Amino acid sequence: MLARIQLSDDEVTQLTGQLDAIVDNIAKVSEVATPDIAATSHPIAMHNVFREDVVGQTLTTAQALQNAPDADGDRFRVTAILGEEQ
Amino acid sequence: MSEIIRWTAAELGAKLAAGEVSSVEATQAHLDRIAAVDGDVHAFLHVNEHALDAAAEIDRRRAAGEQLGELAGVPLAIKDVLVTTDQPSTSGSRILEGYRSPFDATVVARSRAAGLVGIGKTNMDEFAMGSSTEHSAYGPTHNPWDLDRIPGGSGGGSAAAVAAFEAPLALGSDTGGSIRQPAHVTGTVGIKPTYGGVSRYGAIALASSLDQVGPVSRTVLDAGLLHDVIGGHDPKDSTSLPEAWPSFAAAAREGATGQVLQGLKVGVIKELPDSGFQSGVASSFHAALKLMEAQGAEIVEISAPHFEYGVAAYYLILPAEASSNLAKFDSVRFGLRVTPDGGGTVEDVMSLTREVGFGPEVKRRIILGTYALSAGYYDAYYGSAQKVRTLIQQDFDAAFAQVDVIATPSAPTTAFKLGEKIGDPLQMYLNDLTTIPANLAGVPGISVPSGLAEEDGLPVGIQFLAPAREDARLYRVGAALETLLVDAWGGPLLDRAPILGGNR
């Protein structure tokens, strides 16, 4: 559900088996991940990067829309946000 | 076949500078080669129709007396994960078919500024997820050594392009081995720089804490020349390291003298015994170490007890980050949009678009990633994987207190047959056993050809790893071993690759 991918019944069957095997295998990380060990999110220690709050190089509207599946000239166009039951 | 395509990038650059050949001639020779062999190899997803114009412009600037860099006028293949303004960029996915970036990736812009001629975009596993290019939405690349075998992945297209003499140089990206493992199976050279050493701006992100862009080539010196062009700080990438780097080409040239091997301490990992490798891979590895030992290197056994957890940690961290990075393919701003019959909400359109636009491996990893990050599982999976990352870094720290570099075979086996592992994702994942720890720890790694496996005659690579920021050490050591091996072989390993296309 979180992945936002519609799946066919066949795909669900196949993925369930594969993901079970993968999850069984990767669950072994918890064997060595004891509470005393710190987590590393990033391979090289880095600090947040700041810059002056000035307008930099940005895309034009035309550039931003050039790859859009649908647009009205100034904005992206999408289908209904809410369904009827909502 | 034109002799131009056999030259290294360094040789071609020197002949261009001396006026012995023009960039138009060199570019045309490579375009002819692509036309002759790429029907069989399928290294390219797109061939740049503007390449000759770019080459002519370099020739014009040179004729006007402009001082150009060492690689000006040399053709360059570009992995399709890197966005380009003059060519489409798909990252091997159907969901980005026909996408045209409004900006160039920094490495592409820097290559362009240095006068390199972008000759085409290379094939890859979709969004760089895979070890064989079989997960490309546009069909697999074939290994120039045996067209029935995989060229490695995800950057199989870039490696096959340089191995098949379709380009002297290529750009790659390495998240868990995607530069080094293809180098191993194609008899070429590939480097994953230190994390942050090369800008990731404009590299379509797979796993942001692991991805690194790097050079793909036939020689260590050529890789160094390209690394010098693309490397260094980029304000557009907030993970880019600010410090200045030494010249990697200079390091390769220094390494070729062989003096670096005198007294060099080379660590060999106790927990990676020969039994984990195909016998020809293990014997090629040991033969290379013997050669280094004969030149004064000292082989030291080291322990890296947590490397065996690397693959597991990687397949939690990567899918978690990828599921987040790939959320941008939502059918709204760019890429494919597929609307259900009779319409539907944005959410329905998004789900159907992603069902149609993503291949099976991408779906597997996104679902795995959202699962690993979900409430209730986060600590057990993602949190534990991050701790394994700490343990692997500590293993590296302890090892590098004893040795200058670590050596491993670059991958467990030589190139396997197309189709052989596609149905078993777990087996496919184990291909990256020796390359993944470097990505988890951010340290640099190089794969250099070490020979052919005796049982199947296919290429084998040796991987060297160095501490973070010590990329130059890898160029010195890699070039030293390369020089010894090429002397022993009487010529480059690729001289022994089979003839392609009938006109070589």
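These legends accompany close-up views of aromatic pairs, charges over rings and salt bridges in a predicted model.

Local features are kept at pLDDT of at least 70 and side-chain atom pairs at pLDDT 80 or more, while totals for chains, interfaces and linings use all residues. Residues are numbered from 1 along each chain as its sequence is written, chains are lettered from A and ligands numbered from 1 in the order in which they are written, and side-chain values use heavy atoms, leaving out hydrogens and water.

**View 1. B:Phe329 and B:Phe358 form an aromatic pair.** Rings of Phe, Tyr and Trp (its six-membered ring) pair if their centres lie within 6.5 Å, with planes under 30 degrees apart called stacked, over 60 edge-to-face and the rest tilted. There are 16 such pairs over all chains. The one shown here is edge-to-face, at 6.5 Å centre to centre and 85 degrees between the planes. Its partners are 29 residues apart: B:Phe329 sits in the loop between α10 (310–325) and α11 (346–357) of chain B, and B:Phe358 in the loop between α11 and α12 (360–373). Helices here are DSSP runs (H or I, at least four residues), numbered from the N terminus. B:Phe329 is buried at 3% relative accessible area, and B:Phe358 is buried at 3% (buried is under 20%, exposed over 50%, partly exposed in between; 1.4 Å probe, protein chains only). Look also for B:Tyr99, B:Phe127 and B:Phe334, which ring pairs link with these two into a cluster.

View 2. B:Arg6 is partly exposed at 26%, as is B:Asp495 at 45%.

**View 3. A:Arg4 and B:Glu347 form a salt bridge.** The N to O distance is 3.5 Å. A:Arg4 lies in the segment before α1 (9–26) of chain A and B:Glu347 in helix α11 of chain B, so the pair joins two chains.

**View 4. B:Lys363 and B:Glu355 belong to a salt-bridge network.** Their side chains meet at 2.8 Å, N to O, and both residues are buried.

Terms used:
Salt bridge = Lys/Arg side-chain N within 4 Å of Asp/Glu carboxyl O.
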